[in-house]
Amino acid sequence: MTAASRRHLARVKELPCGVCKAPGPSDAHHIRLGQGMAQRASDFLAIPLCRPCHQGDRGIHGDRSEWRMRKLDELDVLADTIEQLT
């Protein structure tokens with residue numbers, strides 16, 4: 001991991017959750033869209049998620065119902081993350 005990657009992830013983790021807007025600190029979820037399971041996602045494709053929206057039953061690693069209810073996908077949250085960081 002490079003120094004730039006570490007700085008970027010630290011900034012992402014300071015943001016509120018990209019789904020429910022719960023205040024940070026947040027987990028950094030790495031988007032793996034279009035990648036195989038063995039491939040590592042770039043740290044620059046990380047989005048901020050609170051623990052329930054990340055690893056909870058309704059989160060991205062659960063049944064994703066929270067995401068569907070809010071009509072969001074990972075690219076929507078990535079675009080919002082980039083906007084907040086610039």
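Predicted model: local features only at pLDDT ≥ 70, side-chain atom pairs only at ≥ 80, totals over all residues.
A polar contact is taken here as a pair of N or O atoms within 3.5 Å, of which, within protein, one must be able to donate a hydrogen and the other to accept it.

Helix H4 spans residues 74-85. The helix has 12 residues, and the distance from its first C-alpha to its last is 16 Å, close to the 16 Å expected at 1.5 Å a residue. Five of its residues, Glu74, Val77, Leu78, Thr81 and Leu85, are buried. These residues lie on the same side of H4, because they cover an arc of only 105 degrees around the axis. Among the elements that cover the buried residues of H4 are helix H1 (3-14), strand E1 (27-30), strand E2 and helix H3 (65-69).

The largest nonpolar core consists of 11 residues: Cys17, Val19, Ile31, Ile47, Leu49, Cys50, Cys53, Ile60, Trp67, Val77 and Leu78. A second, separate core has six residues, including Leu9, Val12, Ala46 and Leu85. In soluble globular proteins, nonpolar side chains tend to be buried together. Within the largest core, Cys17 and Cys50 are both members. When neighbours within four places in sequence are set aside, the contacts of Cys50 are with Cys17, Cys20, Ala22 and Ser26.

Helix H2 comprises residues 51-55 and contains His54. The relative accessibility of His54 is 8%, so this residue counts as buried. Its side chain makes a polar contact of 3.3 Å with the side chain of His29. With neighbours within four places in sequence again left aside, His54 is in contact with Asp27, Ala28, His29, Leu49, Gly59, Ile60 and His61. Of these residues, Leu49 and Ile60 also belong to the largest nonpolar core.

Four salt bridges are present in the structure. Side chains of opposite charge can pair when their charged atoms come close. One of the salt bridges joins the side chains of Arg51 and Asp27, with an N to O distance of 2.8 Å. This pair links distant parts of the chain, since Arg51 is in helix H2 and Asp27 is in strand E1, 24 residues apart. Asp27 has a relative accessibility of 16% and therefore counts as buried, the limit being under 20%. Asp27 is also among the residues in contact with His54.

Two further salt bridges involve Glu66. The side chain of Glu66 meets that of Arg58 at 2.5 Å, N to O, and that of Arg70 at 2.7 Å, N to O. Through these shared partners, Arg58, Glu66 and Arg70 are joined into one network. Glu66 is buried, with a relative accessible area of 12%. Arg58, in contrast, is partly exposed at 41%, and Arg70 likewise counts as partly exposed, at 36% relative accessibility.

Key
Residues numbered from 1 in each chain as written. Heavy atoms only, no water. Core = buried A, V, L, I, M, F, W, Y, C linked by side-chain atoms within 4.5 Å. Buried < 20%, exposed > 50% of the residue type's maximum accessible area, 1.4 Å probe, protein only. Helix = DSSP H or I, 4+ residues; strand = E, 2+ residues; numbered from the N terminus. Contact = heavy atoms within 4.5 Å. Expected span 1.5 Å × (residues − 1). Arc of directions from axis to C-beta.
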